[in-house]
Amino acid sequence: MICLWPTTAPGRTVRRRPWPANGRDWKSSIASPDRIQASADRAGGNLSQILLANEQVEPWASIVVAADGKVSTYSPEFMEVTAPDYDNFVFGNVLDEDIDDFANNPAFRRAAAEIEIGVAACKLQCRYFAVCGGGAPVNKYCESHLLSSTETDFCRFSVQASADALRSFLSDKRLES
Ligand code: SF4
């Protein structure tokens, strides 16, 4: 199975900065107000990129091709899910179908419409939308069998918990400084 799933947003480059090698205490360097502000800015920037790059709610932004030619999109894990109502999330086959026809596949069109409803509902209801972008359709389906649903255990324990922890950490650091 080939999974075409970008790990960084298009056009982004990842640069790693070496730790200070000039004898400074790295812990105090990290905890300095300037450093905390920079970390907060960077975290905000990264979270913005997550929103821009939520490939899981964009059709064909990530594509999975199985060894037998079957093609799926949205959440890569869809290829492993049994879902008769959506033809198991297989939206075409590169071995015997024209790629241009995949978007007209009835199961794809149904999934696309319901995922769009779910993302719109997330946007309306959820205060974490800015750092999530509407979640993972595969988790919505596996937890509720509804692609148009919103909150899942997965988003509560991953996106929401992480965002709360980051906010709490930054707020504690601001009080300390
Ligand atoms: S955190 Fe959950 S409810 Fe909120 S936008 Fe993401 S998937 Fe939707």
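Predicted model: local features only at pLDDT ≥ 70, side-chain atom pairs only at ≥ 80, totals over all residues.
**View 1. The shell around the ligand.** The residues surrounding the ligand include Cys122, Cys126, Cys132 and Cys155. Tyr128, Phe129, Gly134 and Gly135 also belong to these surroundings, as do Thr150, Glu151, Val159 and Gln160. By type, the shell around the ligand holds seven nonpolar residues, four polar ones and one charged one. Helix 5, which spans residues 153–176, is the element that gives the most to this shell, with three residues.

**View 2. The buried face of helix 4.** Helix 4 covers residues 137–144, and its buried residues are Pro137, Val138, Lys140 and Tyr141. Viewed down the axis of helix 4, these buried residues fall within an arc of 160 degrees, so they line one face of the helix. In an α-helix there are 3.6 residues a turn, so residues three or four places apart point the same way. Helix 3 (106–125) is part of what covers the buried residues of helix 4. After helix 4 comes histidine 145, which has a positive phi, near 60 degrees.

**View 3. Glycine 92 and its contacts.** Glycine 92 lies in strand 4, made up of residues 92–93. Is glycine 92 buried or exposed? Glycine 92 has 24 C-beta neighbours inside 10 Å and therefore counts as buried, the cut-off for buried being 20 or more. Apart from neighbours within four places in sequence, glycine 92 is in contact with Val71, Glu97, Asp101, Phe102 and Asn105. Asparagine 104 is 12 residues from glycine 92 in sequence, and the two are 9.6 Å apart from C-alpha to C-alpha.

Terms used
Residues numbered from 1 in each chain as written. Near = placed C-beta within 6 Å. Helix = DSSP H or I, 4+ residues; strand = E, 2+ residues; numbered from the N terminus. Nonpolar A, V, L, I, M, F, W, Y, C, P; charged D, E, K, R; others polar. Buried ≥ 20, exposed ≤ 12 C-beta atoms within 10 Å, placed from the backbone. Arc of directions from axis to C-beta. Contact = placed C-beta atoms within 7 Å.
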